[in-house]
Amino acid sequence: MINLTLADIAAAVGGELTGGDGDIAVTGSVEFDSRAVSPGGLFVAFVGEKVDGHDFAPAAISAGAVAVMGTRPVAGAPSIVVTDPLDAMGRLARAVVDRLPGLTIIGVTGSSGKTSTKDLIAQLLRHLGPTVAPAGSFNNELGLPHTVLQADERTRFLVVEMGARGAGHLLYLCRIAPPTVGVVLNVGSAHVGEFGSVEAIAAAKGELVEAVPATGIAVLNVDDQRVRAMAARTRAEVVGVGEAADATVRAVDVRLDERGRPSYTLIAPAGRVDVQLAISGRHQVGNTLAAAAVALWQGLPFTDLGAALGELRLVSTRRMDVFDRPDGVTVIDDSYNANPASTEAALHALAAIGLRRRRVAVLGYMAELGDQERAGHEQVGRLGAELGTDRIVVVGAAAGPIQDGATQVADWGGESVLVTDQEAAVALLQAELRPDDVVLVKGSRYRTWAVADFLRGYCRRYCRFPHHDLHYAAGDQVVHASEGRTTDPLRRPQDAPGQEGHADDGWRGLHPGHRRRVHRGTLRARHAAGQAAGRTDGSDHHRGGPAGPVHLPGPGRLRR
Ligand SMILES: Nc1ncnc2c1ncn2[C@@H]1O[C@H](COP(=O)(O)OP(=O)(O)OP(=O)(O)O)[C@@H](O)[C@H]1O
Ligand SMILES: [Mg+2]
């Protein structure tokens, strides 16, 4: 963060400074996880149902925090007392933005691909200047200000992911970080359970481009009709991207290689260039076109674009992460999250990568689909079968309609199996996987993470739900900076339809106008710590870690 005095901060957030001198400067970062605090930082304490962040203030102070911002004074430390620390984070973030007139803010929204595209945009913009865009999915009222607060006087571009679970959410985020560039990727059925309808999702996503000023640009995926229609909702210059003939930044001649990596010819007003991507999945065509449009309009020379696009890499984990194990099995770890559109994209990638190989899809429950739940699961099962997937492993009873969908495809030559849980999926894979197989792992959040971790070889002990002991241990405060998920998934019955709804409590609590119930469940501080450290997903592992699972050989050195 830029250096601010405690008096500045108290004024910005409407808080009261006690127990310290207003001239004390915050020179470090603003953190809500005591373990992420560095010298000179500010610790923000949230009060949850089970845990009180103020209890961690002493730890934060010993880690170097110069003050605490919370709902009550903390003994022995300067305290900025506010009624609502979350609101205060937003106000502070906006105050920082207001002090950085040279900053260009790029907001990214959509039902699928926000994190991936945010990472792509940031990689391109770094050719032009210092860019803040932390890895991971910091997209809500907590994650977004936390991201914004990382900007300082050197920052030229701030790329923020913006998630919405209802009307007004993006509006609120845009007030914290007013974008001059708004990118809308797609409107799908992700979170339709909360929104009620896809139309309501489109209405909410369009708030981003409504917030972009006339001097800014709205980058719209014109291949998605609902996104295309948002052109009427913005004063900004519209830059259409996609494969449609009228797209301003357009891809033609799209092909995929044996790793599912697209190549295409990009056509823009400045010319045309052949692009070979190093990342997998046909959906990366649209994501990279959006990133290219942002970068070109910010001044990236067209002559540099093809090479820059070819250099793009994965940044946030568990998204289209394709790697080869030494036993010859290729894994597509796309397990971060799932909805019907992203699962369909992943199944297409599996089909491309496994063109002449045995293909296995491990598919878990897709949460938050509301009354489209059954149809959504059946739809991906059908597609899996239509694409000729050899084995569809459905994880958990709630995902059962995937199997129903697959078996509806009369001439499908493959087989599906429904297993009770991830442990059973792991046992099945241990028994069945053969060299040269290609395995896709996909499900909503944690629902297939243990399977992906097993395939990666991260089970350091015998692979019985490694995430319980190793990766997702609970920490101090209950805060999740991504989409308001403030509950502990491991404490909820896995794969229970509708249960994901509890996660909304985060949003309802976080969002102004809703009842304040910010922190439910157990704080995922280790998760938060992992995210703050540039890791994602709450896991504390890195790629290429130790080998482990018993029957299959560990991955050793993974090839990409
Ligand atoms: N344009 C796209 N269309 C469909 N699926 C996509 C697209 N881009 C990425 N995906 C897939 O969607 C999943 C989620 O990707 P990503 O995390 O980038 O999206 P997100 O919008 O940030 O998700 P979340 O809502 O969880 O924050 C991944 O499996 C990824 O491979
Ligand atoms: Mg995300």
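These notes walk through the predicted model in numbered points.

1. **How to read it.** Residues count from 1 along each chain as its sequence is written, chains are lettered from A and ligands are numbered from 1 in the order in which they are written. Because the model is predicted, local features need pLDDT of at least 70 and side-chain atom pairs count only at pLDDT 80 or more, while totals for chains, interfaces and linings use all residues.

2. **Around the ligand.** Start with ligand 1, which has 27 residues around it, and Gly113, Lys114, Thr115, Ser116 and Ser342 come nearest (a residue is near if its C-beta atom, placed from the backbone, lies within 6 Å). Two or more residues come from each of helix H4 (114–125), helix H11 (284–297) and helix H13 (340–353). H13 gives the most, with 4 residues. Helices here are DSSP runs of H or I with at least four residues, strands are E runs of at least two, and both are numbered from the N terminus.

3. **Who makes up that shell?** The shell around ligand 1 has 7 nonpolar, 15 polar and 5 charged residues. Nonpolar means Ala, Val, Leu, Ile, Met, Phe, Trp, Tyr, Cys and Pro; charged means Asp, Glu, Lys and Arg; the others, Gly among them, are polar. Domain 1 (100–310) and domain 2 (321–487) each supply at least three residues to the shell, with bounds from an automatic or database domain assignment.

4. **The 5-strand sheet.** Follow the order E2-E7-E6-E5-E4 in this open sheet, where pairing is mixed (strands pair if DSSP finds at least two bridges between them). Strand E2 (16–18) and strand E4 (30–31) each have a single partner strand, so one side of each has no neighbour in the sheet. E4 and strand E5 (residues 42–44) run parallel, joined by 2 bridges, and Glu31 has Phe43 in E5 as its bridge partner.

5. **Asp87, in helix H3.** Helix H3 holds Asp87. Why is Asp87 classed as partly exposed? Asp87 has 17 other C-beta atoms within 10 Å, and the class falls between buried (20 or more) and exposed (12 or fewer), with C-beta atoms placed from the backbone. Val13 is 74 residues from Asp87 in sequence, yet their C-alpha atoms are 8.0 Å apart.

6. **The 9-strand sheet.** This open sheet also has mixed pairing, in the order E9-E10-E8-E11-E12-E13-E14-E15-E16. At its edges stand strand E9 (131–132) and strand E16 (271–276), each with a single partner strand, so one side of each is left without a neighbour in the sheet. E9 pairs with strand E10 (residues 157–161) in the parallel sense over 2 bridges.
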